[in-house]
Amino acid sequence: VEPNRVSQLKTVDTDGYNAIQVTVGERKASRVTKPEAGHFAKAQAAAGRKVAEFRVEEVSELEVGAELKVDLFENGQQIDVSGITKGKGFAGVVKRYGFRGGDATHGNSLSHRAPGSI
């Protein structure tokens with residue numbers, strides 16, 4: 001697991017809410033846009049592959065450039081994880097619901113992967 005680095009602290013005074021901005025991984029300097037390069041230079045952090053923002057209660061316990069590693073969590077602690085599934089397109093019933101499909105032969109000519117009589 002790659003460490004995450006804090007690239008910006010957002011406070012109620014400056015931004016209206018408390019949040020931390022985190023960057024993940026490493027990225028070549030030639031592959032970063034100029035606005036992103038300036039953002040990371042201000043934070044004195046190496047450029048990352050992705051930037052994400054998380055709202056927090058307090059930002060005073062963190063500082064810009066700090067690394068957030070897995071050891072933040074305790075063994076057995078429950079966390080919420082969300083993701084995006086791989087798109088499968090407009091799937092038929094065999095792929096989508098696991099239907100068996102019809103016979104390949106014995107007079108079946110048009111409905112091999114059709115739903116049949118549901």
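**Selected local features**

Guide: Lys10 is buried, at 13% relative accessible area; buried means under 20%, exposed over 50%, and partly exposed in between, using a 1.4 Å probe and protein chains only. This is a predicted model: local features need pLDDT of at least 70, side-chain atom pairs count only at pLDDT 80 or more, and totals for chains, interfaces and linings use all residues. Residues are numbered from 1 along each chain as its sequence is written, and side-chain values use heavy atoms, with hydrogens and water left out.

Visitor: Where does Lys10 lie?

Guide: In strand β1, residues 4-10. Strands (E, at least two residues) and helices (H or I, at least four) are DSSP runs, numbered from the N terminus.

Visitor: And which side chain does the Lys10 side chain make a polar contact with?

Guide: That of Glu53, at 3.1 Å. A polar contact is a pair of N or O atoms within 3.5 Å; within protein, one must be able to donate a hydrogen and the other to accept it, and residues adjacent in sequence count only if both atoms are side-chain atoms. Leaving aside neighbours within four places in sequence, Lys10 is also in contact (heavy atoms within 4.5 Å) with residues including Tyr17, Gln21 and Val59.

Visitor: New topic. Is Asn108 buried or exposed?

Guide: Buried, because its relative accessible area is 19%. Asn108 is in the segment after α3. Its side chain reaches the backbone oxygen of Asp103 at 2.8 Å.

Visitor: How many aromatic pairs does the structure hold?

Guide: One. The ring centres of Tyr97 and Phe99 are 6.0 Å apart and the planes are at 40°, so the pair is tilted. Rings of Phe, Tyr and Trp (its six-membered ring) pair if their centres lie within 6.5 Å; planes under 30 degrees apart count as stacked, over 60 as edge-to-face and the rest as tilted.

Visitor: Are those two residues buried, partly exposed or exposed?

Guide: Tyr97 is exposed, at 51%. Phe99 is partly exposed, at 30%.
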